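Welcome! Here is a short briefing on aromatic pairs, nonpolar cores and a few local details.

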Amino acid sequence: VKTVRNLVIERYASLFEYTADKEGFGQSEPLTRRIQNILQDYPCDETVLKELLQNADDAKAKKMYVILDKRTHGKKVFNDGWKDLQGPALLVWNSSILSADDLNGIQKLGFGGKRSDAETIGQYGIGFNVVYHLTDCPSFVSNGDTMCILDPHCKYAPGATPLKPGGRFDKLNDGFWNRFPDLKSAYLHEGIDECPQDIQTELKGGSLFRLPLRHNEEMVRKSKIVPDDQDGSKPPPLTAKRMQKWLDEWAPCMKQSMFFLNNVTEIKFFVIEEGSHQLDVIHHFSTTIEQDDRIQLNEFHRALTDFTHGSAPKTIMYSLCLCETQYQQVRTRSKGAGKLVMKQEKWLIQQGIGDLQNQSQKWTFMKQMKPRHGIAAPLDATKPLDGQVYCFLPLPIMSHLPVHINGHFILNNA
């Protein structure tokens, strides 16, 4: 039974009348505009891959693959709108399976849900949203049986609305994939039969993110996320050729990002040429440490979880081998990419938590920040190192010391 008070409110409030000529009242902002504003503070550069690497490491993945798929796939998909997404795409795979917390956090526009976990490195707050520099509709498949779609334009995902701008499909099986057969090759469930079987198997597990590129002028023109240039025109399309040039430029940063990661030990870059069924490696980075050092590193990670204000500081030191394999450009589809050169670098890594000079120091000014620190020093450098500042991943700040410095810094957008 409604009270007199409720009846009076309903009589006068537009809040209850959603008609074509009378909408609810309140501040709001289109999701596409909100994303556009977020992206203004962050350039389209290696930050995109660093964010995806950060997410992979926080999800405790051991491997991350960056795959440029230059192919155009068929149109037996969800709907007519989705057909525009079947062109060239950047795919990023990692070996973890996303948890319920991960799925919730990835939907957030600002601060994610990782900050209370001492073993995560996520600090940037912008989270997954940097991928909108490349795409209008990111999606991913985790463990081969869960598909999630983020659709700010509400034009691609089945059933997407301004209140729920996306879609999620669970318990995917052959019935799903056979009903939309051209999604199978787009998500690498088929169509890569010329690559090694172990990679085919890996890609059907873990988590695979697909970022369809705005590869033609029409997609750029229709996007409400892409801002106009100063002269009022739209920027050029992000073609597969342009994306490959960016990946070649971003790859060295990924190599330099591996010193202070908690979990990821291997990063590979692949390209799938138009008409090909082969993943050709173009860059490969990996880190290895001795078994005894791995044991003490695992113990250190456990200490991070147990660390409280006033705990005794803990430090570890170990040697790390950073390997890089560079490959020539793809020559022919049958021969694949030719191996060019392999480089190995030896580094001494120190990591710690707590104040080494004042063990009684209380770190209470930010409850979720812990006093972590570290140093990476080259052991076989042929020329002096101009050190960089890290907040687990490299920052655009040089220390000008002969070592890299890592700290749990409080970051802002600058």
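Phe128 is buried at 4% relative accessibility, where buried means under 20% relative accessible area, exposed over 50% and partly exposed in between (1.4 Å probe, protein chains only). This is a predicted model, in which local features need pLDDT of at least 70 and side-chain atom pairs count only at pLDDT 80 or more, while totals for chains, interfaces and linings use all residues. Residues are numbered from 1 along each chain as its sequence is written, and side-chain values use heavy atoms, leaving out hydrogens and water.

**Aromatic pairs**

- The structure holds 18 aromatic pairs; rings of Phe, Tyr and Trp (its six-membered ring) pair if their centres lie within 6.5 Å, and planes under 30 degrees apart count as stacked, over 60 as edge-to-face and the rest as tilted.
- Phe128 and Phe209 form a tilted pair, because their ring planes meet at 45°, with the centres 5.5 Å apart.
- This pair links distant parts of the chain, 81 residues apart: Phe128 sits in the loop between H4 and E3, and Phe209 in strand E6 (residues 207–212). Helices (H or I, at least four residues) and strands (E, at least two) are DSSP runs, numbered from the N terminus.
- Phe209 is buried too, with a relative accessible area of 5%.
- Trp246 and Trp250 are stacked, since their planes are at 25°, and their ring centres are 5.7 Å apart.
- These two Trp residues lie 4 residues apart in helix H9, so about one helical turn separates them.
- Trp246 is buried at 16% relative accessibility, and Trp250 is buried at 4%.
- Ring pairs also join Phe78, Trp82, Phe169, Phe176, Trp177, Phe180 and Tyr187 into a cluster.

**Nonpolar cores**

- The largest nonpolar core has 60 residues, and Leu49, Leu90, Leu134, Met243, Leu247 and Phe269 have the most contacts inside it. Such a core is a set of buried Ala, Val, Leu, Ile, Met, Phe, Trp, Tyr and Cys residues joined through side-chain atoms within 4.5 Å.
- Helix H9 (residues 240–256) supplies the largest share of this core, with 6 residues.
- A second, separate core of 34 residues includes Ala89, Trp93, Phe176 and Cys195.

**Around Thr135**

- Thr135 lies in the loop between helix H4 (100–105) and strand E3 (139–142), and is buried with a relative accessible area of 0%.
- A polar atom of the Thr135 side chain is 2.7 Å from the backbone oxygen of Pro212.

Terms used. A polar contact is a pair of N or O atoms within 3.5 Å; within protein, one must be able to donate a hydrogen and the other to accept it, and residues adjacent in sequence count only if both atoms are side-chain atoms.
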